[in-house]
Amino acid sequence: MSTQSIHCLPPVALRLPPGMPETPGCQRRHTLPASEFRCLTPQDAAGVFEIEREAFISVSGVCPLHLDELQRFLTLCPELSLGWFHEGRLVAFIIGSLWDEDRLTPESLLLHRPGGHTAHLHVLAVHRTFRQQGRGSLLLWRYLCHLGGQPAVRRAVLMCEDALVPFYERFGFRPVGPCAVTVGPLAFMELQCSLQGHASLRRYSC
């Protein structure tokens, strides 16, 4: 997909998973500046990398994707990304690509396989000044609805540390076992999510 064919997602009211609190922006949308969700482009890569670097280097010392890798994914598959902009400023994002095997492998970290039916979520990050506000939760739910609008994408997969498993389980992800991918001393759990339940929200996607 060329970047010229990417459109912004219209503002809509989404039904959030049970138990997930609404953010202040959802409760008082009419009194706050408009937020914009849209697919990212290679021109957004530098801003994405700045948020990613701060979020991950400070915790694990490792960035999931380097700047050149971000630019490549945003060139090859921008439709599998989603950014949240507040007053024109990028505050949170997800980067994904397509994968065509049952489980993740080291190669899945760097490859986009257009024939695949699995969306591999590489990175979800929120700018430090916007954390602890429910933005990551709302962005992930919006992203899954966006994926539900792409008929070729049948499931989503990601890897995370054990402490984050409960967070992703709230959105329908289920652990399938330890991931074959490790990063230095870090080990991960692999989680998968069927997108069948999100397909009814296709009209909200790009």
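## The largest pocket

Helix 2 (45–57), strand 5 (118–126), helix 4 (135–148), strand 6 (155–160) and helix 5 (165–169) each contribute at least two residues to the lining of the largest pocket, where helices (H or I, at least four residues) and strands (E, at least two) are DSSP runs numbered from the N terminus. The model is predicted, so local features need pLDDT of at least 70 and side-chain atom pairs count only at pLDDT 80 or more, while totals for chains, interfaces and linings use all residues. Residues are numbered from 1 along each chain as its sequence is written, and side-chain values use heavy atoms, with hydrogens and water left out.

With seven residues, strand 5 gives the most to this lining. The pocket is lined by 41 residues, and Phe56, Leu124, Ala125, Leu164 and Tyr168 lie nearest its centre; a pocket here is an open set of points on a 1 Å grid over the protein atoms alone, where a 1.4 Å probe fits, with protein on both sides within 12 Å along at least five of seven lines, and lining residues have an atom within 4 Å of a point.

## Helix 2 and helix 3

The axes of helix 2 and helix 3 (residues 67–76) come within 9 Å and cross at roughly 130 degrees, on a scale from 0 to 180 degrees between N-to-C directions, the axes being lines fitted to C-alpha atoms over the stretch in contact.
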